[in-house]
Amino acid sequence: MRTTVVVAGASSGDARAEYASLVALREAVDGFERREADASELPEASRKEEEASFFTEAENASIVERLLATGERTEEEGARAVAAECLGRLAARDAYASRANGPSADASREDASKSLAGGLGLVERLRADAGDANLSAGRRAAAVAAAKHAVLHARTRATRDALIDALPGFVNP
């Protein structure tokens, strides 16, 4: 059964409503991660259905754009922190999926970090945003915080190592 996710933000003038909307989005992303963890105990046939993303590719792209825009425009540090956490969780999941379809487990760390460019390309985007002096300080700060959350929420050690290698200079092992 497919559930449709509506990604809508609060009006830009209502900081409390925007924060509440971001917290709800974080819960949706977090709830999906818990469901994935529970699916690991299922038989192989059932696991494949459970591992399919809760969000469609278009919904993921919309969520990412909204979160990046929030990091850029908001003055509220709490909202920026929640947006960064969501971006980090999505980047970790994207990196895990890219690695699952990428090099083997015995590939070098350099080859593994190069494989993270697939999927949403969120890891590459975070790295680019963190170093882009033309972006607002809020957007750059959100990118750095999101990268740290991606490493924190990586599902496997290999994914974590690949993220650390792919995000040099602002993620310390």
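Residues are numbered from 1 along each chain as its sequence is written. Because the model is predicted, local features need pLDDT of at least 70 and side-chain atom pairs count only at pLDDT 80 or more, while totals for chains, interfaces and linings use all residues; side-chain values rest on heavy atoms, with hydrogens and water left out.

Turning to the protein as a whole, 40% of its 173 residues are buried (under 20% relative accessible area, with exposed meaning over 50% and partly exposed in between; 1.4 Å probe, protein chains only). The protein exposes about 9,200 Å², and carbon and sulfur atoms supply 50% of that area (Shrake-Rupley method, 1.4 Å probe; for residues, only the protein chains shown count as cover). Of the contacts (heavy atoms within 4.5 Å) between residues at least 6 apart in sequence, 65% join residues at least 24 apart.

Helix H3 (residues 57-73) and helix H6 (residues 122-131) pack at an angle of about 15 degrees, with their axes 13 Å apart; axes are lines fitted to C-alpha atoms, for helices over the stretch in contact, and angles run from 0 to 180 degrees between N-to-C directions. H3 is therefore roughly parallel to H6 (angles under 35 degrees; over 145 is roughly antiparallel, 65 to 115 roughly perpendicular and the rest oblique). On the H3 side, the contact is made by Val64, Glu65 and Leu68, and on the H6 side by Leu122, Arg125 and Asp129. Sorted by class, this contact has three nonpolar, no polar and three charged residues (Ala, Val, Leu, Ile, Met, Phe, Trp, Tyr, Cys and Pro are nonpolar, Asp, Glu, Lys and Arg charged, and the others, Gly among them, polar).

Two individual residues round out the picture. Ala83 is found in helix H4 (residues 77-100) and counts as buried, at 0% relative accessibility. Beyond its neighbours within four places in sequence, Ala83 is in contact with Leu22, Leu67 and Thr70.

Methods:
Helices (H or I, at least four residues) and strands (E, at least two) are DSSP runs, numbered from the N terminus.
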